[in-house]
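I opened the notebook to look up two kinds of side-chain contact.

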Amino acid sequence: MQVNNLKRRIDQLRGEQFEYELPTLTFSQEKLEIEAKAGEEAAGSFEIENSEARKIRGVLYSSNARVKCEPKEFNGRKLYISYQADTTGMLPGEEISGCFTVCASIGEYELPYRIKISQIQEENQEEYTKSLEAFAEMAKKDFQKAYLFFIKFDFEKMLKKSAPEYVTLYEGIRRISVSYRSMEEFLVACKKKEPISIRIRESRAKFEELEDSVKESIVIVKNQWGFQRLDISADAEFIRLERNVVTTDEFIGNYYQLDYIIEEEKLHAGKNYASIRIRTGSQELRYEIFVTKKGTKARKRTVLETQRQIERLISLYIRLQTRQIPVEEWQMESQKALRRYQEFGGKNPILELFEAQLYFTLGKFLEASNILERVEGRKRGLSSPEVRGYYLYLTTFYHNERKYVDQMEEEIVSLFLQNRESWKLQWIL
């Protein structure tokens, strides 16, 4: 059977017939059916999830103007959608029907709903609907169930009986928005719970000599129950966040693992710094990241070593000019320093010309002339005033006619007058 399937697949590819299995959206319910009392707001919620657990993006709207949903735009792996239906003016037995249409990056889907208006009748009340204290206890056990009561008009009736001092607060919050965050803020304002605070286990991470892209994580810890939204952002291109928005509903216990990827191809040479910012309504945390790309240490050693040899050459020349060492020692030690400089990839044209000068002092005119020709023939080889001035000076070592020497001196003086801050041109003169 597997051979036949493989053969069929090869035949399809030869005929340029391609088959793809697209991911699909799944809903927590196939159809929404609820009952509501006449004159009260009906509310509920449902979940949308990608079958492949990938991030989905899109918009959501209702076909019936009486029914509204939040959020209308979404971007994430698992979505929590709440909805409310306005039953004002409707009579028992009437219905609101329609569907939610989801236009997502992987297709369009519909979720039908039917809301039936029931007779107003006395019903057995659950304990958490009788007082604010009992309601807060229910919110601690089942935040979603408590929220469904929080958005009903019966909640305001309960407040008027058991905690009238908070009715104005509740009405103000409802006018702004109705959401999990609204209920969280209400309970905190009523002093029925402490506000949620978060922390991160580590505040920084260091990655040296990174060779490939890597996936890392930050552990976020919350202090207690309730609802909070976390907005996450990064200030560097080489950091790719797997989530930009997280809610405390997604925590496992009190912990959440926030994943991020360091993209090696976006790192530059040397040191790379980034900061991941985690914000709630009342807090802002920063996670600092330091990264060096593979080869950074080697490049740093190269720069340090070439600089060390340049300093060595300068020191030797000063000692020669002040007669602390003989010419022979200067020649021998300078050759060693130049070889070391070149072994570490040094390519400064001034040092190339210095090598030519050294060859002239050793009587190796052919080697010196080859270096001068190489520098002169290189594109933009003499574009720097200092390199050109040094080059002109060295040509007088084998073109030593008086007229030629005077002409080169005039050119070097002209270069110096145009670049008076150059100590190298002043030294050449």
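**Entry 1: aromatic pairs.** I count two rings of Phe, Tyr or Trp as a pair if their centres lie within 6.5 Å. The model I am searching is predicted. My search of the whole structure returned 26 aromatic pairs.

I picked out Y83 and F100. Their ring centres are 5.6 Å apart and the planes meet at 55°. Planes over 60 degrees apart would be edge-to-face and planes under 30 stacked, so at 55° this pair is tilted.

Where do Y83 and F100 sit in the chain? Y83 belongs to strand β7, residues 78-85, and F100 to strand β8, residues 95-104. The two are 17 residues apart, and the pair links distant parts of the chain.

I then checked burial. Y83 is buried, and F100 is buried as well. Y83 and F100 belong to one aromatic cluster with F27, F46, Y109 and Y113.

**Entry 2: charges over rings.** I looked up two cases. The charged end of R174 sits over the ring of F153, at 5.5 Å from the ring centre. For K193, the charged end sits over the ring of W225, at 4.9 Å from the centre.

**Entry 3: salt bridges.** Side chains of opposite charge can pair when their charged atoms come close. I searched the whole structure and found 20 salt bridges.

I took K192 and E133 first. Their side chains meet in a salt bridge with an N to O distance of 2.9 Å. Which parts does this pair tie together? K192 lies in the loop between α6 (180-189) and β10 (198-200), while E133 is in helix α2, residues 132-141. The pair therefore joins parts that are 59 residues apart in sequence. K192 is partly exposed, with a relative accessible area of 27%. E133 is also partly exposed, at 45%.

Next I noted K130 and E127. Their salt bridge spans 3.8 Å, N to O. E127 has a relative accessible area of 56% and is exposed, because exposed means over 50%.

Then came E284 and R286. Their closest N and O atoms are 3.4 Å apart, and the two form a salt bridge. E284 is partly exposed at 41% relative accessible area. R286 is partly exposed, with 41% as its value.

**Entry 4: a network.** I closed with a linked group. K31, E33, E95 and R114 are joined in a network of salt bridges.

Technical notes
Residues are numbered from 1 along each chain as its sequence is written. This is a predicted model: local features need pLDDT of at least 70, side-chain atom pairs count only at pLDDT 80 or more; totals for chains, interfaces and linings use all residues. Side-chain values use heavy atoms; hydrogens and water are left out. Rings of Phe, Tyr and Trp (its six-membered ring) pair if their centres lie within 6.5 Å; planes under 30 degrees apart count as stacked, over 60 as edge-to-face and the rest as tilted. Helices (H or I, at least four residues) and strands (E, at least two) are DSSP runs, numbered from the N terminus. Buried means under 20% relative accessible area, exposed over 50%, partly exposed in between (1.4 Å probe, protein chains only). A charge sits over a ring if NZ of Lys or CZ of Arg is within 6 Å of the ring centre and within 35 degrees of the ring normal. A salt bridge is a side-chain nitrogen of Lys or Arg within 4 Å of a carboxyl oxygen of Asp or Glu.
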